[in-house]
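The sequence and the model come first, followed by notes grouped by topic.

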Amino acid sequence: MRQDSGPAAVFWWSGWIALTIFAFFIPCFFWTRIIARHVGGMDKPGTPLIWVAAVFGTWMIFLVPLIIAMYQKVDKAYEDARIAREKAASEKARAPYRSLAVAEAERQLVPALQAKLKRTPETLRNGHLVTAVLKGGRRVEHVFVLNKKDVLGVYGLETLDFKIGDIVDLEPVDLDRLPVFDSHRWIRFDGVSENE
């Protein structure tokens, strides 16, 4: 669907307003002559009420199709805007993450750390989100380990700037202090892209 914009939208709404006003003058001219001829002038008691009822009643009848057309137009505009918002949100949610091709053997944790993860509750099914402690004491937060052995990715790094073999300890991440997720800050180590 295409949402009207610019001159086309201005033209449509101006035309709708003009038709609404024009629809009033048609019954106004029509009923003024008939009432003057068959009922009398406006100075006669009751004539103004008959005129108002006839003119505005007919005008309301004319307005029904105009109101329906306006409602459909406004409804379509809101629907187009909703679809555009949902599409933008969907595209943002599916924004591609970064990916590096690291050989599977180079992504494996040492057996002692695998054993430790077997005793640690999973963050999600088949996965642990941990802080990796490297040789020398450096800590790398938000490391994702799949199946208790495969370091599949990390959140917040520009590139893999350490070796998986340098990990000497793993600590569970505090799930109450997770950062706001941005897919551009997630990097996978299996070489799989978002569209695969």
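Asp 166 counts as partly exposed because its relative accessibility is 26%; buried means under 20% relative accessible area, exposed over 50%, and partly exposed in between (1.4 Å probe, protein chains only). This is a predicted model, in which local features need pLDDT of at least 70 and side-chain atom pairs count only at pLDDT 80 or more, while totals for chains, interfaces and linings use all residues. Residues are numbered from 1 along each chain as its sequence is written, and side-chain values use heavy atoms, with hydrogens and water left out.

**Salt bridges**

- Asp 166 forms a salt bridge with Lys 135, with 4.0 Å between the closest N and O atoms; a salt bridge is a side-chain nitrogen of Lys or Arg within 4 Å of a carboxyl oxygen of Asp or Glu.
- This pair links distant parts of the chain, 31 residues apart: Lys 135 is in the loop between β2 and β3, and Asp 166 is in the loop between β4 and β5.
- Lys 135 has 56% relative accessibility and therefore counts as exposed.
- Glu 171 and Arg 139 form a salt bridge with their closest N and O atoms 2.6 Å apart.
- Glu 171 lies in strand β5 and Arg 139 in strand β3, so this pair ties together parts that are 32 residues apart in sequence.
- Both partners count as partly exposed, Glu 171 at 27% relative accessibility and Arg 139 at 47%.
- Arg 98 and Glu 158 meet through their side chains in a salt bridge of 4.0 Å, N to O.
- That pair spans 60 residues, from Arg 98 in strand β1 to Glu 158 in the loop between β4 and β5.
- Arg 98 is partly exposed at 26% relative accessibility, whereas Glu 158 is exposed at 68%.
- The whole structure holds 11 salt bridges.

**Sheet**

- An open sheet of 6 strands has the order β1-β6-β4-β3-β2-β5, with mixed pairing; two strands pair if DSSP finds at least two bridges between them.
- The edge strands, each pairing on one side only, are β1 (98–99) and β5 (167–172); strands (E, at least two residues) and helices (H or I, at least four) are DSSP runs, numbered from the N terminus.
- β2 (residues 127–134) and β3 (residues 139–146) run antiparallel and are joined by 6 bridges, with Val 130 partnered by Val 143.
- The β2 and β3 hairpin has 4 residues between the strands, and Gly 136 there takes a positive phi near 95°.
- β3 and β4 (residues 150–155) also run antiparallel, joined by 4 bridges; Phe 144 has Gly 153 as bridge partner, and Val 145 has Val 151.
- In the β3 and β4 hairpin, 3 residues lie between the strands, and Asn 147 in the turn has a positive phi of about 55°.

**Arg 188**

- Arg 188 lies in strand β6 (residues 186–188).
- Its relative accessibility is 17%, so Arg 188 counts as buried.
- Beyond neighbours within four places in sequence, Arg 188 is in contact with Tyr 97, Arg 98, Ser 99, Leu 100, Leu 152 and Gly 153; contact means heavy atoms within 4.5 Å.

**Helices**

- Helix α1 (residues 7–38) contains Ile 17, which is partly exposed at 47% relative accessibility.
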